[in-house]
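Here's a quick briefing to read alongside the sequence and the 3D view. Take a look at the chains first, then work through the points by topic.

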Amino acid sequence: MTTEQSPARWLQVVIGWHLLAAAAALFAAILLLTGGGPAGSMALWARLLAAFLLLGWGMGSGAAAFYIYHRIHRGRTLSLFTNYLAFVFFFLAACQIMGVFLGIDTLANNIGRGLPFLLLAFIGYLIGTAADRYEGYYARQQQITRISQGIMVAGGLIAALAAGLLPGLINLLRQLGNPTALGLVIGMGICLLMLWLMGREKAAAALHAQTHHEAMINGYLFLSPNLLGFLIFFAGPLLLSLYVSFTDWDAFGTRNWVGVQNYQRIFDLNIATLSSPTQRADEVLDVTLYGELARFTIAGRSIIVGARDRLFWIALRNTVVFSLLAVPLSVTIALVLSNLLNSKLPGIKFFRAIYFLPSIAAVVGISLVWQWLYNSTVGFINYGILTVITFLNNVLGTEMADPAIRWLSESRTALLAIIIMAVWQTVGFNTVLFLAGLQNIPGDLYEAATVDGAGKWAQFVNVTIPMLAPTTFFVITTTLIKSLQVFEEIFILTNPVGGPDNSTLTLVVYLYQNGFQFFKQGYASAIAWVLFIVIFGATLWQFRRQQQSVSGVYDV
Amino acid sequence: MISPKLRLLTLLILVLLLVACGGNNTSSTNNTGAATNDNAAAANPTTPPQPAADIALRWRTRPDNQEEANVYATVSATLDQQLEGISLTYEPGGSETASYQDVLKTEIANGTAPDVFWIPGTDVADFATRGLILNLASLAGATSGFSVDAFYPGPMFHLTYNPDSMASGGASGALWGLPRDVSTFALYLNLDLIAEAGAPDPRELAANGQWDWQAFLEVAQAVHALGPDIYGYGANAWWGPYGTWMNAAGGGFFNEDRTACNLDSAESLAGLAFEQALYQEYNVAVPYGEDSEPPFRAGKVAMFQNGRWATPGTRTVTFDWDVVELPKGPAGNAGNWLFWGAYVVNGSLTGERAEAAWKLVQALTTAETQATVAALGANIPSRVSQEAFDAFLTYTPPANNQAFLNGLADSPATEGPLWAGSWPEYAPVMDAAVQALMTGSSTLEQFAATVCNDANRAAFSR
Amino acid sequence: MKSYRLTQTLQNAAVYLVLTGFAALMLFPFIFMIATSLKEPADTFRYPPRLLPRAPVFVEMAGYEQDLPLYYVTVDGDEEQYALVESGIRVGRYAPADNLAMELVRPLTDVTPTEEMALVNGEEKPLFLVEQDGQLVPMVLVGQTALGRFVNPEDPTQETLANVRLSQPVERLTAHPDNYRRVVELNNMGRALTNTALVTILVVIGQITTSVVGGYAFARLKFPGRDSIFLFYLGTIMIPFVMLIIPLYQIMVLVGWVDRLASLIIPWIFTAYGTFLMRQFFITVPKEVEEAALIDGASRWQILLRIFIPASVPALATQATFTFLYAWNSFFWPLVIINTGNERNHVLTLALNVLRGRASDAPNLILAGAAISIIPPLIVFILGQRFFVESATSSAVKG
């Protein structure tokens, strides 16, 4: 800590470090670009990316040294930035090399042995809550709190020990013997030291920091975990997916750039005129390339539409049909139920809880249950229908036949079956959301309406609906986005997936098939982007509608 | 007041994360797979690896139920003892509904696939042409006493197919694996229902040579007359069952050299027409696409078409049951399939690991191993030998095991890969078109007009 | 006044009726799941289906090695409980050639064939001597069927022939909680449960942490580029997750997390949606409180911990609910990234997917597995019911 004796000295250390780091980064970047040394084994794109990042970082570091030398505050900001980034990088790399992330597997393996002791910690917590009872007896309260905290810490520690804390620590220390890991940890230390040096009040004063500087540094600092993770796990993959969608990659071999060929294939339609509505498709279409998608008659002319990728259009149609049915159904039922629930009747909370139940359960588990309910030969749903029909026939003396609906095995009903289940699953959650919206509507609006002589229905139409508009927007949008991505229900309920006769083939199912069954990852990525455009369009449309309806409210 | 609690929580998380650091080195190299016992392995993170001499191999099959998984685990333990210098880990894969093959390919793509694994016969070409499995021909050539003739010729034809020279056989220069077992279809009979309907016993009809499509239809109709929810026939919606009707009429999925669709040939259409009539005209069958197993086991189906693999499950039913071979079609045979799957070797193996894997493949297909597996009752050994047949006949019930062997003898069509195209893309197109036909949403004419265009475009366009 | 109260009561009754009806619809699949998970396999494959698990009742009878199942049969117009002694008895339906409507059922072995023939509907049919009321009457065979022989367990001399399939078996209620133990053993469900819980907890903690600090930065700290970054965040909320699967998979291959629990946790602790929610909540906190604290020399961390977090417990609970449900129920990503063979790293949804194949002939086991995956979140939900429902609501209003 000799640096503290003279301000110039510690600033010199920082400047020196930044210059050194900039030089090192530059050297490494050149190595990467020329492909010398250990960089030779890396893929070109990885080398370019790494070199680019290193160059940027090196320049930042060099600039930091320059500005600090001239006592300009930007130097402090840059120094903190570069050191922080380097620290995060070193930290993540060290964790990766020392196997911390992979260690989660081991944790899952061992945690079972620690669980009983965690119960002890929980008991400690319960004791702690008991302290609230001794309001006013300060000493007693303090005592209990201390005891409870002691038990909690002890329980946690024992649990950790039982789950293998010591072997974990030993293993971690042993990993330090690995020179790379040691280097990374030392790098982490240096960066921490620099961060501390430049973060101090002293440094702020030396570089003439102002309040807005502080807000900026803190702002980036607070956002950084989120932003970094977002860039790595979201923006990065997004760009990668865009790139893959322009290649013919199959997950095993090399990727070849094919330009917009994948997109062309998706949208490639061929429209031809038929001489008669029943003419065979192969007489007018090149059936080695195009499959028949639809035929219709407009103004006496029969037209046939062929598609290069017939299944994509079928999947698009199914997705749209699913959303157009599932979303309004779910939202309308939820709206009605929430209005019924929005009263002070006893037991309402009980119903509210029950309606929420299906939203909690895993779609996979729920689908397995419905699969048996839907079984057309021994399932409960058809048995229920039969019972009702027999009853009606007996009472009314009619002779209605048992429809024996083949829920999941007939193309006419399969999508409907999925829709029913999806509505059942989402309606409770939406009800609760609507309920919240309803409870936020000021009561005097209704009173005013009553004074004006409006009936219940008029109140519903003129007060409830407009006032609920923001909630409705939220509910419709989230339900819509979810239903445009429907996959799990179909994956479990239908066999073959997307069947029968492609009637439940949705875009995500088709994407899965292409990416992970036919191993056409490039093509699957292109489908994903098309799906994004669909979802984006739907959301935008919703947004427009909401804006209109909101302005409508203000007009009133 | 929230901060001390928060601090404690943070402490707890940190501690947990520290724990997480521990012992990663145990699980990184080998997933000590076999499902159940994992506490021991991770308890001491510093477990030394296996003695250096042993080559550790992982292998996988697609078990249909837990009993099967247990039998393979036993086989693995036995072979682990027998094979010098090789240590084995068996891992049960997912079942068909869990997309066994898709997962396998995904694993191969990122290098985590097992060393030896089973794949269905239809998928051999897809794996081989992508270079995902090893050509074992040179290893086999160096093995004294090995002959491809010990196994059924049907599977071996496909397993020795060389896509470059388009030749097959012992000298083709290709060997993609060895067949684990074979199986054929039979009709599982609910004898109680047939007796109640007063219909003739199909087993007697078969013994007298009268078991043809007409006789089959009459039995099915007689049973269906018992009630609208009683079915004469049931089969599941995949290529196996509808394939048999096509085969029995002299048709098939592909043309002679398996380079194009043959679903619209007159013979194939004739077979499909009869099957369609079962569903649409006579209404004697469990609705197409509905799983026929639940109603069969609920006692509502008289004749349930399924493979040997359905036997263990059927043994729990409460009614009187047996099996009979499929009825003979216009082409003179029952059109049965010879189902098979093969043990293959991961394409990334080289050197002594490849040799060890080849040893394992051989060990898994010896007569002894196959007998152990066949005793389960789920399949038939893939080696041609009278002893195997005789042993197989003792695995009762069903009493009429001979029906399966008759199926094998009745010139079945061999399940086969599609070297010229992509089977994973051919099958869904075919499935969807047949489903539309059987559920009445398309007619035979519509089917004939489009199916081959669609199928050829999907599977042969690369 | 009275009529008003009457209307009110009627209205309430109608509301309750509708609510109860919907509640029954909502609950039935769960009840079915629990009930089926307690059944025996044979009991699950039956028609007509029965909700509650039942087992047939057997009776011990002298002269028979095994216990015999009891059935309800109609004897002389009364319904009695008889034991099934023998099934599949071939019987013929006989009728006089001149009166086909008068059918009698006799075992094929109880009639005597004759040489004579009779003309029925223009067809020659052989005549059999069939015993009727003590007399032998020549009749033709109209059809065949099979019946079971039922015996009165109290009086073995009383017996009757009846159709077994259409007879109702005598049953008692039963339960097989053993199914749960079997599923856990079969599929390592215990491990999957631990994994799911661990993944869920870590994802919830991670998401809350990142979105609280991120939301605070967006809400209260000014820095260059803040608003454009926020807009970018908003835009990404509507990007379908499936788009990321393939490239994210590649990144996981790159860092070696394929098949590891880390791949189920680390990428999912950064959330635009959660950050957005927290920001919306934080901007409602009065600025004056914060400024006063700043003047007192509190750091931003202290302000966040002491002022903002306590004030936003409902929002935190909302966020936790969403994340919990999302992490616990996620299926697609684990399906892709975790190998089927590696059961040690399976989460519950994956274990269920394997189970449904491996126990495809035992719905009782499959539904026991489903129950295992569904019940823990249910318990969490019931414990924190008020929290969940009321907090889920606050989000919508802001959102």
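A salt bridge here is a side-chain nitrogen of Lys or Arg within 4 Å of a carboxyl oxygen of Asp or Glu. By that rule, the side chains of Asp250(A) and Arg130(B) meet in one, at 3.8 Å from N to O. Keep in mind that this is a predicted model, where local features need pLDDT of at least 70, side-chain atom pairs count only at pLDDT 80 or more, and totals for chains, interfaces and linings use all residues. Residues are numbered from 1 along each chain as its sequence is written, chains are lettered from A and ligands numbered from 1 in the order in which they are written, and side-chain values use heavy atoms, with hydrogens and water left out.

**Where chain B meets chain A**

- Counting contact as heavy atoms within 4.5 Å, this one draws on 50 residues of chain B and 65 residues of chain A.
- The two chains bury about 4700 Å² between them, with 59% of it on carbon and sulfur atoms; buried area is the accessible area (1.4 Å probe) that two parts lose on being put together, summed over both.
- The rule picks out 3 salt bridges across this interface.
- It also finds 9 residue pairs in polar contact, both residues at pLDDT 80 or more. A polar contact is a pair of N or O atoms within 3.5 Å; within protein, one must be able to donate a hydrogen and the other to accept it, and residues adjacent in sequence count only if both atoms are side-chain atoms.
- Among the elements giving two or more residues to chain B's side are helix H1 (2–21), helix H20 (423–438) and helix H21 (444–459) of chain B. Helices (H or I, at least four residues) and strands (E, at least two) are DSSP runs, numbered from the N terminus.
- H1(B) gives the most to that side, with 10 residues.

**Where chain A meets chain C**

- Here 97 residues of chain A are in contact with 109 residues of chain C.
- Together they bury about 9600 Å², and 79% of that is on carbon and sulfur atoms.
- On chain A, Phe222(A), Phe233(A) and Trp372(A) lose the most area to chain C, together 8% of what that side buries.
- The count is 1 salt bridge: Arg260(C) with Asp105(A), whose closest N and O atoms are 3.5 Å apart.
- Helix H9 (residues 211–244) of chain A supplies the largest share of chain A's side, 22 residues.

**A sheet in chain A**

- Three strands make an open sheet in the order S1-S3-S2, with antiparallel pairing; two strands pair if DSSP finds at least two bridges between them.
- S2(A) and strand S3 (residues 301–307) of chain A are joined antiparallel over 7 bridges, and Phe296(A) has Ile303(A) as its bridge partner in S3(A).
- Helix H11 (residues 310–341) of chain A packs on the sheet and touches S1, S2 and S3, its direction making about 60° with that of S2(A). Axes are lines fitted to C-alpha atoms, for helices over the stretch in contact, and angles run from 0 to 180 degrees between N-to-C directions.

**A sheet in chain B**

- This open sheet has 4 strands in the order S6-S7-S5-S8, with mixed pairing.
- Its edge strands are strand S6 (231–234) and strand S8 (321–324) of chain B, each pairing on one side only.
- S6(B) runs parallel to strand S7 (residues 301–307) of chain B, with 3 bridges joining them.
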